Amino acid sequence: MRVIGFDPGTATTGYGVVEGRASRLRHLAHGVITTPANSELGGRLKKIFEEASGLLETFRPDAVSVERLFFKQNVTTGIQVAQARGVIVLAAVLAGVRVGEFSPTEAKTAITGYGRADKRQMQEMVRMLLGLEQIPKPDDAADALALAICQVQTGLVQRRLEGK
């Protein structure tokens, strides 16, 4: 099962591509989609959509994983993140790829076994699970890899339950 995880944002959207078979995970790629700070929101969303679509075409995943939004304090920032998330989901749907979504707590639990793990713990576990020499950078890409791992694990369990 191949999954692209996306950690959406209008300035920086992280992505991570992971493949999983049985209990083995393999890192394929990670990075960020960045948009210029002086761009209008529409231009930023267009760039995120186009680059996400390109990643979907390049890697041909079985699923896409995105973070479920959780508003703590800054609703304005949350709305912009929601818009970036929306164009990623649209790109996946147009590519015929199913979308999974996970809260930060669900991803932390899946990766570390502890829903309140800190960022450093998450990054170190992502590094270990994927057999990487160093923690993936930047943070947005590491978060996207964590989301992809979460989707792979969930998808593999679902396939076993369905007898596939």
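Visitor: Hi! Where should I start, and is this model predicted or experimental?

Guide: It is a predicted model. Strand 1 (2-7) and strand 2 (12-21) run antiparallel and are joined by six bridges.

Visitor: How many residues are in the hairpin that joins strand 1 to strand 2?

Guide: That hairpin goes through four residues. Further along the pair, Arg2 stands opposite Glu19 in strand 2.

Visitor: And what about strand 2 and strand 3, how do they pair?

Guide: They pair in the antiparallel sense too, over 10 bridges. Two residues sit between them in a hairpin, and Ala22 in that turn has a positive phi of about 55°. Arg21 has Arg24 in strand 3 as its bridge partner.

Visitor: Is strand 2 mostly covered or mostly open?

Guide: Mostly covered: eight of its 10 residues are buried.

Visitor: Okay, on to the inside. Which residues have the most contacts inside the largest nonpolar core?

Guide: They are Ile4, Phe6, Tyr15, Leu55, Leu56, Val64 and Ile88, in a core of 20 residues. Two or more residues come from each of strand 1, strand 2, strand 3 (24-34), helix 1, strand 4 and helix 2 (75-94).

Visitor: Which element gives the most to this core?

Guide: Helix 1 does, with six residues. In general, nonpolar side chains in soluble globular proteins tend to be buried together.

Visitor: Let me zoom in on Ile4. What is Ile4 in contact with?

Guide: Leaving aside neighbours within four places in sequence, Ile4 is in contact with Tyr15, Gly16, Val17, Leu55, Leu56, Phe59, Pro61, Ala63, Val64, Ser65 and Ala148.

Visitor: Why would residues three or four places apart point the same way?

Guide: An α-helix has 3.6 residues a turn, so residues at that spacing point the same way.

Visitor: What does helix 1 reach from its first C-alpha to its last?

Guide: It reaches 27 Å with 19 residues, close to the 27 Å expected at 1.5 Å a residue.

Visitor: Is Arg60 buried or exposed?

Guide: Exposed, with a relative accessible area of 60%. As background, most residues other than glycine have a negative phi.

Visitor: What does the side chain of Thr35 make a polar contact with?

Guide: The side chain of Arg44 is one partner, at 3.1 Å. Not counting residues up to four places away in sequence, Thr35 touches Thr10, Ala11, Arg44, Lys47 and Ile48.

Visitor: Changing topic: what caps the N-terminal end of helix 4?

Guide: Asp118 does, with a side-chain oxygen 3.2 Å from the backbone nitrogen of Arg120. Within helix 4, Met122, Gln123, Val126 and Leu130 are buried. They cover an arc of only 95° around the axis, so they are on the same side of helix 4.

Visitor: And what follows helix 4?

Guide: Gly131 follows helix 4, with a positive phi near 65°.

Visitor: Last one: which peptide bond is cis?

Guide: The bond from Lys137 to Pro138 is cis, with omega near -10°. Pro138 is in the loop between helix 4 (119-130) and helix 5 (139-162). For context, most peptide bonds are trans.

Notes:
Residues are numbered from 1 along each chain as its sequence is written. This is a predicted model: local features need pLDDT of at least 70, side-chain atom pairs count only at pLDDT 80 or more; totals for chains, interfaces and linings use all residues. Side-chain values use heavy atoms; hydrogens and water are left out. Buried means under 20% relative accessible area, exposed over 50%, partly exposed in between (1.4 Å probe, protein chains only). A nonpolar core is a set of buried Ala, Val, Leu, Ile, Met, Phe, Trp, Tyr and Cys residues joined through side-chain atoms within 4.5 Å. Contact means heavy atoms within 4.5 Å. The expected span of a helix is 1.5 Å times one less than its number of residues. Two strands pair if DSSP finds at least two bridges between them. A polar contact is a pair of N or O atoms within 3.5 Å; within protein, one must be able to donate a hydrogen and the other to accept it, and residues adjacent in sequence count only if both atoms are side-chain atoms. The arc is that of the directions from the helix axis to the C-beta atoms.
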